[in-house]
Amino acid sequence: MSERTRQILFTERLLAELADAGEVDPARIVTDFADPALADALASVEVLLTGWGCPPIDEAALARMPALRAVVHAAGTVKGHVTDAVFARGIVVTSVAEANAVPVAEYALAAILFAGKRVLETAQEFRRARGSVDVSAAFPAMGNYERVVGLVGASRVGRRVAELLRHFEVRVLLHDPYVEPDDARALGAELVELDDLIAASDIVSIHAPQLPATYHMFDRRRLALMRDGATLINTARGSLVDTDALTEQLLTGRLYAILDVTDPEPPAPESPLWDLPNVLLTPHVAGSLGNELGRMVRAALDELRRYASGEAFQHGIEPDELAVTA
């Protein structure tokens, strides 16, 4: 991982816990597997603890690590550094994507409830009127009772959002091509086709992975299917939404959007998204930040302890999963 990553992930307390988990030199940060100064250390390393900024673990890197048996990723996706060569050599891999899903789901839940309660619009009207607002007259359909919420993707985040929504009297629709109806019902959701979900939902929250098949899945045609006054929430990846098409819809005032990710990210300085009253932009803050990073590190340490005890990883990753996950 990068030095900056180590600094933001590991407090002194967590470094002490890391030292208890195995033989480790916290000062030895690898940003280049070909660095001659690291040759001896890499030759004997059994486990890599990785994070943001990890270089690719390819054939050349693996040749320098003949004793490597496991990769523990203290972040979400491993696609940026774990190559096919890792799995081909029988090296076991795990990540803390499950831990990182917690704050993303919390953000999505808050966004869903705020959207249903029309918090963005009422706050702006309240500010504009300096207190004199007839909310019931201006927003007669506000509220979350029996609101229809569409979740796109039964990912780790999508599943957690569905579980959180069980506490509210909303109807949950779900689209995921890899989920069976019984599985959806177990999550408290109704499995439907994507177009049907979009057309029926008051709020659509995206939780699908970034894949070639999901690029611009919310294109001009699908965005046009959304109900007047509906809200689109994106905490997944910006590329899943055609930004130009969404901007066109938002400029009419027909839709609302809560966007933690965009394409490009951030939007261009001249983008209307910055100033539209029906848009809430946040700077990719849904994932783990601040004190939430401690949850990810502890999850990684738990996996290290399992490995040291001869147990299987709790959140091990199989190579065939990468084709359908983030």
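## How α6 meets α14

Helix α6 crosses helix α14 in a right-handed way (the near helix is turned clockwise from the far one by less than a right angle). The contact brings together Ala99, Asn100, Val102 and Pro103 from α6 with Arg295, Met296 and Ala299 from α14, where contact means heavy atoms within 4.5 Å. Sorted by class, that's five nonpolar residues, one polar and one charged.

Here α6 covers residues 97-116 and α14 covers residues 293-308; helices are DSSP runs of H or I with at least four residues. They pack at an angle of about 160°, and their axes sit 8 Å apart. That makes α6 roughly antiparallel to α14, a label for angles over 145 degrees.

## About the model

This is a predicted model, with local features needing pLDDT of at least 70 and side-chain atom pairs counting only at pLDDT 80 or more, while totals for chains, interfaces and linings use all residues. Residues are numbered from 1 along each chain as its sequence is written, and side-chain values use heavy atoms, leaving out hydrogens and water.

## The cavity

How many cavities of 30 Å³ or more does the structure hold? There's one, a cavity being a set of points on a 1 Å grid where a 1.4 Å probe fits but cannot get out. The largest cavity has about 70 Å³ of space.

Its lining residues (those with an atom within 4 Å of a point) include Asn234, Gly238, Thr243, Leu259, Asp263 and Leu273. Helix α13, residues 243-251, gives the most to this lining, with three residues. Overall, the lining of the largest cavity splits into five nonpolar, five polar and one charged.

Definitions and conventions: Axes are lines fitted to C-alpha atoms, for helices over the stretch in contact, and angles run from 0 to 180 degrees between N-to-C directions. Helices (H or I, at least four residues) and strands (E, at least two) are DSSP runs, numbered from the N terminus. Angles under 35 degrees count as roughly parallel, over 145 as roughly antiparallel, 65 to 115 as roughly perpendicular and the rest as oblique. Ala, Val, Leu, Ile, Met, Phe, Trp, Tyr, Cys and Pro count as nonpolar, Asp, Glu, Lys and Arg as charged, and the others, Gly among them, as polar. On a 1 Å grid over the protein atoms alone, a cavity is a set of points where a 1.4 Å probe fits but cannot get out, and a pocket is an open set with protein on both sides within 12 Å along at least five of seven lines; lining residues have an atom within 4 Å of a point. Grid points are joined across faces, edges and corners, and a volume is the space filled by probe spheres set on the points.
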